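Good morning, everyone. Please look at the screen while I walk you through this one.

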Amino acid sequence: MTTSEPASVQVRDLQKQYAVHEKEPGLLGSVKAFVSRKTRYVDAVKGVTFDLAPGEVVGFLGPNGAGKTTTLKMLSGLLHPSGGQASVAGFEPRRRETAFLKQITLVMGQKQQLIWDLPALDSFLVNQAIYEIPDGQYHATMREFTEVLSLDGILKKQVRKLSLGERMKCELAAALLHRPKILFLDEPTIGLDVNMQEAVREFVREYNRRYNATVILTSHYMADVTALARRILVIDKGELVFDGDLARLAEQGSGGKTVKLQLRQPAESLRLGRYGQVISNDGLSVELNIPRADVSARAARLLADFDVADLTVEDPPIETVMAELFGKRREVVSG
Ligand SMILES: Nc1ncnc2c1ncn2[C@@H]1O[C@H](COP(=O)(O)OP(=O)(O)OP(=O)(O)O)[C@@H](O)[C@H]1O
């Protein structure tokens with residue numbers, strides 16, 4: 001982040017605790033709960049701190065129940081924090097001021113805002129009125145979105161008759177029609193096929209480029225995150241456990257690199273195992289995990305000892321790194 005620009009999102013020690021009222025099953029449970037209600041507290045977000053610069057795209061990752069959606073709902077003002085502060089585009093989200101709402105959008109892949117029985121175009125007109133978008137800007141944005149998202153032919157169809165992918169494209173267009181500067185995207189590609197995921201990614205990339213918008217993106221599809229974000233925030237059990245470069249996250253993994261070999265002669269896994277941990281060996285294509293510090297020496301030995309047609313060294317897939325990161329923390333917690 002450059003120091004000259006004020007952060008577009010500033011989060012300090014943000015916390016959210018949910019009160020959960022417990023009730024035993026059945027009628028008796030209802031009566032008991034009526035007489036004396038048991039309340040349990042869930043610490044969903046436990047003091048998260050970060051800044052986002054204008055135009056920054058950040059991947060917000062973590063396992064199920066880690067606190068991602070809760071954080072995004074606090075930043076968009078739908079939930080009031082139990083502690084800490086957030087400033088978004090200079091506003092305090094919980095106040096939900098009109099000027100604030102015009103600067104942000106929250107897209108939740110699991111929820112829809114379009115009116116089910118009407119064509120998407122009608123919902124767009126409702127949004128134009130709500131956000132007081134001047135006609136000229138509305139038509140310009142519609143032209144732009146129609147082109148980037150290939151919306152031709154689907155805008156006048158009843159929303160309930162659209163495919164999931166078509167609907168999601170319309171949802172995104174509706175959510176961004178007022179050209180917000182800060183985008184909270186919670187699983188925007190969930191359930192979409194690979195082509196549609198790519199279309200959504202391309203749209204977000206293009207929007208970020210054109211409007212220098214700040215984007216926080218959660219996704220279970222690593223491809224979304226690696227395609228769009230260089231910086232990653234990882235949250236686990238309500239705590240921020242990583243904030244940095246995608247590349248640095250990869251280094252946090254096993255400490256190993258993936259060495260891929262293309263052999264001219266098949267080699268036995270037992271023999272390859274002396275050079276590193278064999279991840280796969282289907283005869284001529286081999287993948288080994290080799291400790292980072294030993295990679296160059298062992299790669300040189302592999303080249304000398306085997307008939308190698310090709311050798312590449314890669315960071316392990318980000319999914320593996322995440323699994324390890326959470327696995328390790330779980331061990332620490334349970335151990
Ligand atoms: N309304 C609520 N009342 C009580 N507990 C809640 C409520 N909403 C979420 N939680 C709990 O808070 C924690 C964080 O949930 P949250 O939805 O923010 O996680 P998440 O990281 O978005 O998960 P996922 O990836 O599964 O969507 C979880 O333990 C969840 O069960």
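Which elements each supply at least two residues of the shell around the ligand? They are β1 (9–22), β2 (38–52) and α2 (68–75). Helices (H or I, at least four residues) and strands (E, at least two) are DSSP runs here, numbered from the N terminus. This is a predicted model: local features need pLDDT of at least 70, side-chain atom pairs count only at pLDDT 80 or more, and totals for chains, interfaces and linings use all residues. Residues are numbered from 1 along each chain as its sequence is written.

Back to the ligand. α2 gives the most to the shell, with 3 residues. Among the residues around the ligand are Tyr18, Val42, Gly67 and Lys68. To be near, a residue needs its C-beta atom, placed from the backbone, within 6 Å of the molecule.

Now the sheet. An open sheet of 6 strands runs in the order β5-β6-β7-β3-β8-β9, with mixed pairing. Two strands pair if DSSP finds at least two bridges between them. β5 (104–108) and β9 (239–245) stand at the edges with a single partner strand each, so one side of each has no neighbour in the sheet. Inside the order, β3 (residues 57–61) and β8 (residues 231–236) pair in the parallel sense over 4 bridges. Gly59 has Ile232 in β8 as its bridge partner.

Last stop: β10 (residues 256–263). 7 bridges join β10 to β12 (residues 285–291), and the two run antiparallel. There, Gly256 stands opposite Pro291. β10 is also joined to β13 (residues 308–314), antiparallel, by 6 bridges. Leu263 has Val308 in β13 as its bridge partner.
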